[in-house]
Amino acid sequence: MHDYALQKIRSTYKGEKLGRPKTDNQIHVTDLGSFCPRALAICLRDKIPYHTESYLPLGLSVTFEIGRMVQSLVVRRLQSAGVLWGSWKCVVCKKLVLGVRPTKCICGANLYVYQDTALCLDTYGHPVVGHVDAFMMYLNNLIIPVEVKSIKPDAFEVLTEPQPDHRGQLSHYLWMLTKRVQLPDFSGVKLSTLKFGVEKGVIIYVCKLQKKMPYKIFEVVPDPIIIGETEKNLNKFKRFTKSNVIPKRLCKNPGALLARKCTRSEEHTSELQSH
């Protein structure tokens, strides 16, 4: 019976993948921390995938699943506190509503699920997209972006500030909200009527082990250095979309950090070694 149960559970994880589909050539917010305009330009020119994906081993699949469950837990608590704002989907008719939780759908149902709110910025000749974990209604109806992260107990103990990649991710969401950002699921909504907080956001860390206080919460203000570098590289890519001239490489050599992390590392390495 033990082996049978384990076999059935393992079978449900088959086919789960890490990364993004090869058909997805959009720039995601999580790409921006190491965004290379040359890499994306080469991919589009040569019609090769910009993103990569791989099959997840069982242990990593479970870890990610726990992270999603922790995020759902925090979202439910924000909802219970009456401060959760964002995208709500009617379970019956699938209609999406933006704001605080509706009391009743036009179809008559009162069954809603909360989902990440999608953002899209199309200022740079190619979509920059992201999904904010949650928004929180703050003082004077200010709408604040919130990111939720689950974290191991040893890392939680020593955490005194947001981890750099998490700070960068939230900085980019705040930056997007200062631009002509769109909400793809709500094309009819005028963003000028919404009061987004763009000066700071919140990261909520939740410890994966039982703690007397399992939460650590940090305010994040946009990092001007991170945003400046992002805008510089996005503008380089935008010039490619108009001129079709591949941007110059950012990497000094094949051992550079960006080269080692590049989604097109093989192509970049061969080019770098030939010069």
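Two strands are taken to pair if DSSP finds at least two bridges between them, and the strands themselves (E, at least two residues), like the helices (H or I, at least four), are DSSP runs numbered from the N terminus. With that convention, methionine 136 stands opposite isoleucine 144 in E10. The structure is a predicted model, in which local features need pLDDT of at least 70 and side-chain atom pairs count only at pLDDT 80 or more, while totals for chains, interfaces and linings use all residues. Residues are numbered from 1 along each chain as its sequence is written, and side-chain values use heavy atoms, with hydrogens and water left out.

Taken as a whole, the protein has 8 helices and 12 strands. Its radius of gyration, taken over C-alpha atoms, is 21 Å, close to the 19 Å that the globule rule (2.2 Å times the number of residues to the power 0.38) gives for 275 residues, so the protein is as compact as a globular protein of that length. The C-alpha trace spans about 60 × 60 × 40 Å along its principal axes. Of the contacts (heavy atoms within 4.5 Å) with a separation of 6 or more, 63% are accounted for by residues 24 or more positions apart. Buried residues make up 38% of the 275, where buried means under 20% relative accessible area, exposed over 50%, and partly exposed in between (1.4 Å probe, protein chains only).

The interior can be followed through its nonpolar cores, each a set of buried Ala, Val, Leu, Ile, Met, Phe, Trp, Tyr and Cys residues joined through side-chain atoms within 4.5 Å. In soluble globular proteins, nonpolar side chains tend to be buried together. Here the largest such core holds 44 residues, and Phe35, Leu119, Trp175, Met176 and Leu234 touch the most other members. Helix H5 (residues 164–178) gives the most to this core, with 6 residues. Leaving aside residues up to four places away in sequence, methionine 176 touches Val29, Leu119, Cys120, Leu121, Val128 and Val181. Apart from this core lies another, of 19 residues, among them Trp88, Cys105, Ala109 and Ala134.

Valine 75 has its place in helix H3 (residues 58–80) and, at 9% relative accessibility, counts as buried. Although valine 75 and tyrosine 114 are 39 residues apart in sequence, their C-alpha atoms are 8.1 Å apart in space. Leucine 60 also lies in helix H3, but at 33% relative accessibility it counts as partly exposed. Helix H2 (residues 37–46), for its part, is mostly covered, with 7 of its 10 residues buried, and just after H2 lysine 47 takes a positive phi of about 55°.

Turning to the strands, an open sheet of 3 strands has the order E2-E8-E7, with mixed pairing. Strand E2 (27–28) and strand E7 (117–121) stand at its edges, each with a single partner strand, so one side of each is left without a neighbour in the sheet. E7 and strand E8 (residues 128–132) run antiparallel and are joined by 5 bridges; alanine 118 has histidine 131 in E8 as its bridge partner.

The pairing of methionine 136 with isoleucine 144 belongs to another part of the fold, where 4 bridges join E9 to E10 in an antiparallel arrangement. E10 is mostly covered, with 8 of its 9 residues buried, and pairs in the parallel sense with strand E11 (residues 201–207) over 6 bridges, where valine 148 has isoleucine 204 as its partner. What sets the backbone of asparagine 140 apart is a phi near 55°, a positive value in a residue other than glycine. Asparagine 140 lies in the loop between strand E9 (134–137) and strand E10 (143–151), and is exposed, with a relative accessible area of 66%. Asparagine 244 has a positive phi as well, near 65°; this residue lies in the loop between helix H6 (224–243) and helix H7 (257–261) and, at 59% relative accessibility, counts as exposed.
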